[in-house]
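Hi,

Here is the model I promised to pass on. Have a look at it first, and then read my notes below.

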Amino acid sequence: MKRLVRKHPLAVRWFHWLNLPLLTVMIWSGLYIYWAYPVYRLGVGDFTLLEMNLSRDTWRAIGFNNNLADGMALHFVFGWLFAINGLLYVAYTAISGEWRELVPRRGTLREAWHVLLHDLHLRKDPLPPGKFNGAQRLAYTGIVVAGFGSLVTGLAIYKPVQLGWLTALLGGYAMARFLHFWLTVGYVLFFIVHIAQVVRAGWNNFRAMVIGWEVVEEPAESKTPRGETP
């Protein structure tokens, strides 16, 4: 037996889908800015596993050629839109009570471990019931915290003199930029995992984030013939 169940409110869906173009432009324009001074790498000491940089010819080939001013202009404009969208989302979840479905609770870590083992096909027990499982609660709360971190570090980079106290609190301009960059890398990794999980979950889950309703299958109720004792 199938029935429709309301899953995502309209406001949550709007905030969710607005984030897609906003963050896409933010990351894209951020690369324009990073290109002007690409200094980061993955490594320990003198050992470098991966340079977070491309050759100058490669940067030019993909369109990042001396466009620092354009990148900064786009980044600052869309940064404010991203911040407004995020603040409205947090305010809505707080006022509506949706936060109860998102914030980690007692047993969330254990539940997230269960989900991980289940997704890796190492555990066959069914996932715990609920709108969001433990792994999703950790991921969605973490991405909100990361958004706040990006806003704070972005402001420290944007106005290092006017907001000198904030820049100093973050360990200086270089550290604020370092944190801002790696938070962006975290977004990209989150997107990859998020999209993979959406594909894995199937059309029903994706449709719920578009129209707000999910199709749920329920076991048919067993009927006992009249006169017999179950």
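A quick word on terms before the notes: when I say that something covers or packs against a residue, I mean a contact, that is, heavy atoms within 4.5 Å. Please also keep in mind that this is a predicted model.

First, the overall picture. The chain has 9 helices and 4 strands, and from the N terminus the order is β-α-β-β-α-α-α-α-α-α-α-α-β. The radius of gyration is 23 Å, whereas a compact globule of 230 residues would come out near 17 Å. Along the principal axes, the C-alpha atoms fill a box of roughly 85 × 40 × 35 Å. Buried residues are 27% of the 230 in the chain. Of the contacts with a separation of 6 or more, 68% join residues 24 or more positions apart.

As for the surface, the accessible area of the chain is about 15,600 Å², and carbon and sulfur atoms hold 68% of that. The chain has 22 positive and 14 negative charges, and their mean positions lie 4 Å apart.

Helix α6 covers residues 134-158. Its 25 residues should span 36 Å at 1.5 Å a residue, and because the end C-alpha atoms are 36 Å apart, the helix agrees with that expectation. The buried residues of α6 include Gly134, Gly147, Gly149 and Gly154, along with Arg137 and Tyr140. What covers the buried residues of α6 includes α3 (68-96), α4 (99-102), α5, α7 (164-169) and α8.

Helix α5 (residues 108-119) has 12 residues and reaches 16 Å from first C-alpha to last, close to the 16 Å expected. Buried here are Thr108, Glu111, Ala112, His114, Val115, Leu117 and Asp119, and these pack against α6 and α8 (173-201). After α5 comes His121, with a positive phi near 60 degrees.

What does Gly134 touch, leaving aside residues up to four places away in sequence? The partners are Thr108, Glu111 and Ala112, and each of these is on the list of buried residues of α5. Gly134 itself lies in α6 and counts as buried because its relative accessibility is 0%, the cut-off being under 20%.

Over to you!

Key
Residues numbered from 1 in each chain as written. Predicted model: local features only at pLDDT ≥ 70, side-chain atom pairs only at ≥ 80, totals over all residues. Heavy atoms only, no water. Helix = DSSP H or I, 4+ residues; strand = E, 2+ residues; numbered from the N terminus. Rg over C-alpha atoms; globule rule 2.2 N^0.38 Å. Buried < 20%, exposed > 50% of the residue type's maximum accessible area, 1.4 Å probe, protein only. Areas by Shrake-Rupley, 256 points an atom, 1.4 Å probe, with all protein chains shown as cover. Lys, Arg positive; Asp, Glu negative; His and termini not counted. Charge placed at Lys NZ, Arg CZ, Asp CG, Glu CD. Expected span 1.5 Å × (residues − 1).
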